[in-house]
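The sequence and the structure should be kept in view while reading.

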Amino acid sequence: MKLIKNLQQKKYRNENGLFVMEGKKAVEELLESGFKAYKIFTTGQELQGAKAFEVAPISMKELKQISSLKNPNGVLGVFYKKITTDLKLEGWTVVLDGVQDPGNLGTIIRLCDWFGIENLICSKETVDCYNPKVLQATMGSIARVTIFYTDLTNFLNATKVPVYGTFMEGENIHKTNLPENGILILGNEGNGISDTVRKLCDYEVSIPQFGKKTTESLNVATATAIFLNEIKRK
């Protein structure tokens, strides 16, 4: 129980190579996608894909003591983190430069799953994808999206596909001729894409604003949805 509580902190997730996922559906999706279970606790629900030795009973009282949810729903799984070292970039790849809000990252992971984006590249300053709030926002989509943390300068310098950065003053995305393969970069909620990364962008694109100029910018997850819809539409 102490280990599971500690795994709510990034330090202990990194030290142990473990993370916690809550909810029957989400746990089953991780099992189906090949995540290795350390231990799964359940108040009595049967789980598809789980081996008997991986599952342990737990009372609702005990579950409430270790859950990060106000109302735990009966299943909590502890899984080994996936270590990604070799990426095969095909189609479009989303890159995040310093996204900090867990809800935003979780929603972006879910959007990548929805739009068929297999790889999500994150700067080392981006919030941890195994943060409990991120995992809940993904609604299980983390099982189907490969997430890789790296130095963006090195990654972008090595890439051979066109790089599109998202900016307020960029070219209208609706009028941009987009290739079949590319990289889409989205930046920090407050500061956008860093100057260092901006210099490595081949193109700058934006979402046109039709309303009054009093709205300064779009939420980064909302912007991701619009950009990905346009990419896939073409």
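Two strands are said to pair if DSSP finds at least two bridges between them. Helices (H or I, at least four residues) and strands (E, at least two) are DSSP runs, numbered from the N terminus. The model is a predicted one, in which local features need pLDDT of at least 70 and side-chain atom pairs count only at pLDDT 80 or more, while totals for chains, interfaces and linings use all residues. Residues are numbered from 1 along each chain as its sequence is written, and side-chain values use heavy atoms, with hydrogens and water left out.

Four strands form an open sheet with mixed pairing, in the order E1-E4-E2-E3. Strand E1 (18-22) and strand E3 (55-57) stand at the edges; each has a single partner strand, so one side of each lacks a neighbour in the sheet. On average, neighbouring strands of this sheet are turned by 20 degrees against each other, direction ignored. Strands E2 (residues 37-42) and E4 (residues 75-80) run antiparallel and are joined by five bridges. Within this pairing, Lys39 has Val78 in E4 as its bridge partner.

A helix accompanies the sheet. Helix H3 (residues 24-32) packs on the sheet and touches E1, E2 and E4, and its direction makes about 30 degrees with that of E4. Such angles run from 0 to 180 degrees between N-to-C directions, the axes being lines fitted to C-alpha atoms, for helices over the stretch in contact; contact means heavy atoms within 4.5 Å. Which residues of H3 are buried? They are Ala26, Val27, Glu28, Glu29, Leu30 and Leu31, where buried means under 20% relative accessible area, exposed over 50%, and partly exposed in between (1.4 Å probe, protein chains only). The buried residues of H3 pack against E1, E2 and E4. After H3 comes Gly34, with a positive phi near 105 degrees.

Rings of Phe, Tyr and Trp (its six-membered ring) pair if their centres lie within 6.5 Å; planes under 30 degrees apart count as stacked, over 60 as edge-to-face and the rest as tilted. By this rule there are six aromatic pairs. One of them is the stacked pair of Phe19 and Phe79, at 5.9 Å centre to centre with 25 degrees between the planes. Because Phe19 lies in strand E1 and Phe79 in strand E4, this pair ties together parts that are 60 residues apart in sequence. Both Phe19 and Phe79 are buried. Tyr38 and Tyr80 form an edge-to-face pair, with 5.8 Å from centre to centre and 75 degrees between the planes. Here Tyr38 belongs to strand E2 and Tyr80 to strand E4, so the pair ties together parts that are 42 residues apart in sequence. Tyr38 is partly exposed, at 39% relative accessible area, and Tyr80 is likewise partly exposed, at 32%. Phe19, Phe35, Phe79 and Tyr130 form one aromatic cluster.

Lysine side chains meet two of the rings. A charge sits over a ring if NZ of Lys or CZ of Arg is within 6 Å of the ring centre and within 35 degrees of the ring normal. The charged end of Lys36 sits over the ring of Tyr80, 5.1 Å from its centre, and that of Lys82 sits over the ring of Phe35, 4.6 Å from its centre.

Thr42, in strand E2, is buried with a relative accessible area of 6%. Its side chain reaches the backbone nitrogen of Gln45 at 2.9 Å. Beyond its neighbours within four places in sequence, Thr42 is in contact with Val55, Ala56, Pro57, Ile58, Gly74 and Val75. Ser59 is placed in the loop between E3 and helix H4 (60-66), and is partly exposed at 32% relative accessibility. The side chain of Ser59 reaches the backbone nitrogen of Glu62 at 3.1 Å.

Most residues other than glycine have a negative phi. Met139, in the loop between helix H6 (132-138) and strand E7 (146-150), has a positive phi of about 55 degrees although it is not a glycine.

Notes: A polar contact is a pair of N or O atoms within 3.5 Å; within protein, one must be able to donate a hydrogen and the other to accept it, and residues adjacent in sequence count only if both atoms are side-chain atoms.
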